[in-house]
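Please find below my notes on the model you sent. They are set out as numbered points, to be read with the structure open.

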Amino acid sequence: MTITTIAFLVENKPGVLFNVANMFRRRGFNIDSISVGALVEPDLARMTVVVDADAKILNQIVEQLSKMVDVVNVKRLDPVRTMMREMLLIKVESSDPMAREEALRHVNTYHGLILNIEPDSLIAEVTGEPETIDAFIELMKPIGIMEISRTGVTALEKGRLKL
Amino acid sequence: MVEMSGAKAFVKSLEREKVDIMFGVNGGAVLPICDELYYSDVRFVLARHEQGASHMADGYARASGRVGVCMATSGPGATNLVTGIATANIDSAPMVAFTGQVPQSMIGSDAFQEVDIIGITASAAKYNIQVRSPGEIPHAVKSAFHIASTGRQGAVVVDLPKDCLVQSGEMVFPDEVSFRGYNLNLHPNPREMDWAATLLAKARRPVILAGGGVIAADASENLMQLASLMMAPVATTLMGKGSIPNDHPLCSGLCGMHGTGASNMLMSEADVILVVGARMSDRTTARLDEFNREAKVIHIDIDRSEIDKNVETVTRVVGDAKLALQGITERLSRALQTSSKNEEWLKRMEQFRKQYEVPDHPANPHLKATQVVKALRGALPRDALVTTEVGQNQMWAALYFDVYGPRTFFSSGGLGTMGWGFPAAIGVKAARPDVPVVDIAGDGSFGMTENNLATCVEDDLPVIVVVLNNRILGMVAQWQRLFYGHRYKAVELGTTPDFVKLAEAYGAVGVRPTTIPDFEEAVRQAVKDNATTVIDVSIDPEENVFPMVPAGMGLTDIILEVGPEESAQPAAQGDSGKAEVVAED
């Protein structure tokens, strides 16, 4: 099993996300993360799916996606050539001044932003590779995480290659 | 651009697709369509249940090679089509199913007869479309026919909210449609064909496995040409039956769970297996990790996702089976100086045929199903068309009813839908009114859709139904006998209905022959009269279908017979892992 990122372009119309998700469910493929966004061309959207699968399943995922009428283009991203980012929003306890100091320091270390400070909580934004986000969350756990929300991975390959 | 109602544009779109017949049941949400059909030449065959309509459209599609069309109203009408949609799609039959839908203003409100048919059919159909304005209808219909009939063919659903049918819009009728994400993969890559031909040229024990893709691509002639060039035996899947005539010297018959000994053994001893248009389903390969691992598998398929899905291949040829077979034959005839000399390999086929002959015990008071099926073949003209139900009747037909060409034998292979054969036969008859059409049925399967007798009689689509009547769900009972210690549960059907009276109640002919000559006479009479006839033949409920490979076993674990009280415990029963496989299937 290897973690693989697959990017694909789809028709930007109702029901396509459902059909994609449904295909994964129907064939028993697990999705680690999925993200979707519009492109410059308004009639297309780009989806990025991260899966943990062996070679045979991975091949099936790519072929089954390619076969879908509303999926325009599919590519297994080359990990060496790929820039991957995920964004995390995190809300932590901060009524204790020591805890707040600690939180601010960690966010700073991870080049994050403080988006909101309340008397007893704060919200920070951190962007990075999924493993970086994982590490950051581990670091924040002792401070007291109230809520987190992750966007899922989005990715582009370097150079002139495009999907 | 012309302005007209959605319903009018819908019927016009059907006419532009040269639809001359459709099967369905009317209802509230499709009333505007039926009102337009009132003025149209499109023939509407009224089924008595939507499932029947969907199978009729499927049968029509398989017999004619054209798109079969069915229609139902919203809600239960639509859900009743689902079995037919899934059946057609898994067997790659081109079908378009139109469903009525509540007006868009009511969608999501759980209105009367509202159901989310798009969500329900998302994984059962090749594609589905919900129309959102009247003006989208011509494009949606064109798209549905295009997608259903090209590439790997399949079933497409078009959901039509009632407001889109009633309201008017500016209509543009496209001559063609295209989808950037929809690749037909028609033309095989020359290098893939080179490589395939190279491997085939070196093969010493080649076997061709022909699937339904050969028939869909009209590639039977090409298949036989290549087989003759290589002198390679041809095994078929259930869907591939008819791709090569059963009396062709190179045809080794059905492969798989109920495959012939010859096919299964040749597949297991082959050094190169050329798969043409087949999914390599569990019923064809039997236990996968025992499937011939020495052989180099070459897979031709128009659907890339089928390659390497179940069986690992050495090389693939993605494309239309006809073009691929042509290309490979061309290359191979250059590579092979003389016609291949596989004398010994072909002798092996003869040897397996004799070795794995199913013993023919004399019949008890009942007729033997195998005898009946063979007698049916003899009594029918050579060009008769046959559908089957699902279960023992299907396997007896597949094994013992010889067919001589493509599009002559129709069966629900992938989904295994009991009740499919009879309505499908009605669709076949609609496509080919010139020849007799026979449904080889069991009493269990026929009971599931027998109400379509009304459609046969009222719509003048005469079909002959041969009910192999064993008063039991035969295949399930066979499994209970062989693998569950003969403990019958939920399989005994009793002696009702009286199929002769049932036929007569519908205005059809019912007969109950008790000898083979009487049976043959009944068949000849039904053919001569071209009348809907139910021929009720009593067979022994204990008769098994052999050869058989128990579920969870390899292709060569062939059972040919068992004694009356003996259970065919596969060796795997002791091993809990394997026994689970047996129980699951």
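**Notes on the predicted model**

1. In this predicted model, 14 residues of domain 2 of chain B are in contact with 14 residues of domain 3 of chain B. On the domain 2 side of that contact in chain B, five residues are nonpolar, seven are polar and two are charged. The centres of domain 2 and domain 3 of chain B, taken over C-alpha atoms, are 31 Å apart.

2. For orientation, the domain assignment divides chain B into domain 1 (2-171), domain 2 (190-355) and domain 3 (369-538).

3. Helix 10 of chain B brings N222(B), L223(B), Q225(B), L226(B), L229(B) and M230(B). Helix 13 of chain B meets them with K322(B), L325(B), Q326(B), I328(B), T329(B), L332(B) and S333(B). By class, the contact of helix 10 with helix 13 of chain B holds seven nonpolar residues, five polar and one charged.

4. The buried residues in helix 11 of chain B are G261(B), A262(B), S263(B), N264(B), M265(B), L266(B), M267(B) and S268(B). They pack against strand 9 (206-210), strand 10 (234-236), strand 11 (251-254) and strand 12 (272-276) of chain B, and also against helix 14 (343-355) of chain B.

5. Turning to chain A, its secondary structure comes to four helices and nine strands. Along the sequence, these elements of chain A follow the pattern β-α-β-β-α-β-β-α-β-β-α-β-β. The C-alpha atoms of chain A fill a box of roughly 55 × 35 × 35 Å along the principal axes. Of the 163 residues in chain A, 23% are buried. Among contacts in chain A with a separation of 6 or more, 72% join residues 24 or more positions apart.

6. The domain assignment gives chain A domain 1 (2-76) and domain 2 (83-155). Their centres, taken over C-alpha atoms, are separated by 29 Å. Seven residues from domain 1 of chain A and six residues from domain 2 of chain A take part in the contact between them. Strand 1 (2-11), strand 2 (33-38) and strand 3 (44-53) of chain A each supply at least two residues of the domain 1 side.

7. Last, the contact between the chains. Here 17 residues of chain A are in contact with 14 residues of chain B. On the chain A side, helix 1 (16-27), helix 2 (55-67) and strand 4 (71-76) of chain A are the elements that give two or more residues. Helix 2 of chain A gives the most, with six residues. The chain A side that touches chain B is made up of five nonpolar, seven polar and five charged residues.

Methods:
Residues are numbered from 1 along each chain as its sequence is written. Chains are lettered from A and ligands numbered from 1 in the order in which they are written. This is a predicted model: local features need pLDDT of at least 70, side-chain atom pairs count only at pLDDT 80 or more; totals for chains, interfaces and linings use all residues. Two residues are in contact if their C-beta atoms, placed from the backbone, lie within 7 Å. Ala, Val, Leu, Ile, Met, Phe, Trp, Tyr, Cys and Pro count as nonpolar, Asp, Glu, Lys and Arg as charged, and the others, Gly among them, as polar. Domain bounds come from an automatic or database domain assignment. A residue is buried if 20 or more other C-beta atoms lie within 10 Å of its own, exposed if 12 or fewer, and partly exposed in between; C-beta atoms are placed from the backbone.
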